Amino acid sequence: MIVKVCVGSSCHLKGSYDVIEKMKEILKKYDVEDLIDLQASFCLGFCAQGVTVKADDFDKATVDKIGDNQLLLHNVNKDNIEDTFATKIYPLLNI
Amino acid sequence: MKVFDTNVQLIKYNILKEVIKKAYADDLVNAYSEIPKIISPGPKAEYRCCIYKERAISQERVRMAMGGNKDNPNVVEVIDIACDECPTGGMFVTPACRGCIQHNCMSVCPRGAISIVDKKCTIDSSKCVECGKCTQACPYGAIIAQHRPCVQSCKVKAISMNEEKQAVIDNNKCIACGACVYKCPFGAIVDKSFVLDVIDILKNSENNTKYKTYAIIAPAIVSQCRYGRVSQVVTAIMKLGFHQVVEAALGADITLYREAGEFKEKGIMTTSCCPSFVAFVEKNFPELTKYISSSDSPMIETARLIKHSDPTAKIVFIGPCSSKKMEFRLPKTHGLIDCVMSFEELQAFVDAKDIDTTLCEDTILDNASFYGRIFAKSGGITRGITDVAKDMNVENLSPVAMNGIDECRANLTKLKFNKSTDNFFEGMACDGGCLNGALCLNHGPRNLQDVDKYGLEAKEKTIENSVKLYKLNS
């Protein structure tokens, strides 16, 4: 799975880098560094709802389960990213 | 509000605007016949001997706006029929010479080239070295120097005259800095425009559905388009059809980081971000090329970040620079940049599409740090590398900012003969740095203030986060 954190201008000002740093810690804590490729992406197109995080490149089981090949998360910040990860992203790994 | 410094820029802009309009109207076939008549409606000629010559020159300008001579690898070309064959006589005594008694001209002449014949100053051209002292000494200002502005502007002596007295550029010497483009009072030396390629990139993206188009914008933009805010210019660029605008200054942060690391190993190094400076070293100091930093320019580093997060992205660099038009086609840039457009071309593009920047809403542009943004001025890299070196425990750094080709030559000569006490050489071909780049809309001291202020407005005060982004994506 690939998790992309938007680093476009708008999200940058809202704290993308803090989210990325926190995500690195979380991936380590949940021991999923090998399963999730963390990337930065320029503008995902939701400037008003930043910071935006996008998860994609799912395996087939996940796509079938959620009926979509990507997951968009908005209004993410360094304080809510761990909750968001645990409830929205981690379950998609099917482990 | 005045947008351009000179009328020559205005003519180039008007031609570009018409070409862009024709491109969008799918009517480029009529560009050569119709645009010259729009530019010079007649019946009387405005600048040249007759309306026919004026229109013929406009046709050549249309050709340059549409890419110029494809067989000439140089991005700067002479429009030979536009060259007004300026006099090259050197020192010339005008009738303002009053035949005075003091003869200041004679006493200051270091070569004894001046004598008084029939009470008037006479200059022996075989002795005269054109130092210009007499022009300043004459209380009547009666002696003038007749130099060609193009020849004077060219610091690498790449411009000479052919038998027709027209300017000719020696591509082996030219470093594509564009100084002659800005300085020729007749607009006879012009940079090639690739704006039609930009239009193709935008059109073929089918509103960013086939692939996404990105504009990388040079930090010098802040001193341009003064009629509006940078955040409005960003919106205007997006209205042209770009998916997103990213600051080149973000790549500058990364270039700075890499240069500091590289310096630690090399001990002596020059910068590599100014392609004209790099060409200058290669052509004039081949023995010093080993010192040129192997770090990529901010334009390339920014493009690399974008292509990493979006591999099918098409990227256009928008800047003040003619030599970036040369750089993006060099093999060392790995095709990361798809096209380059100047600030002049951007202005023409926005106006051709009837976008009123002053009415555009604001789109935030904030990717880079303070240091990345002040890369645009002479001394900016020196300032940045000094602070970054401190943080990275790089010792014995002694940087020098070489402002313009003359200073580059002086400092590199010292380096060549081991007489330099400096070890980090920041080279910029344009006087003052990119903020006075040849293809800026306006030039002058205020540009420096604008860039400094823009630097302070960046959210990031250090390059730390830009570097993290670089590491994450590599």
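Modeller: Gladly! Two residues are in contact if their C-beta atoms, placed from the backbone, lie within 7 Å. This is a predicted model, where local features need pLDDT of at least 70 and side-chain atom pairs count only at pLDDT 80 or more, while totals for chains, interfaces and linings use all residues. Residues are numbered from 1 along each chain as its sequence is written, with chains lettered from A and ligands numbered from 1 in the order in which they are written.

Let's start at B:Cys339, which touches B:Phe194, B:Asp197, B:Val198, B:Ile201 and B:Val316, leaving aside residues up to four places away in sequence. B:Cys339 belongs to strand S13 (residues 339-342) of chain B; strands (E, at least two residues) and helices (H or I, at least four) are DSSP runs, numbered from the N terminus. B:Cys339 counts as buried because 22 C-beta neighbours lie inside 10 Å; the cut-off for buried is 20 or more other C-beta atoms within 10 Å, with 12 or fewer for exposed and partly exposed in between. B:Ile318 is 21 residues from B:Cys339 in sequence, and their C-alpha atoms are 8.8 Å apart in space.

For the setting, chain B is assigned domain 1 (1-66), domain 2 (71-87 + 150-192), domain 3 (90-146) and domain 4 (196-472), with bounds from an automatic or database domain assignment. Between domain 1 of chain B and domain 2 of chain B, the C-alpha centres are 20 Å apart, and eight residues of domain 1 are in contact with seven residues of domain 2.
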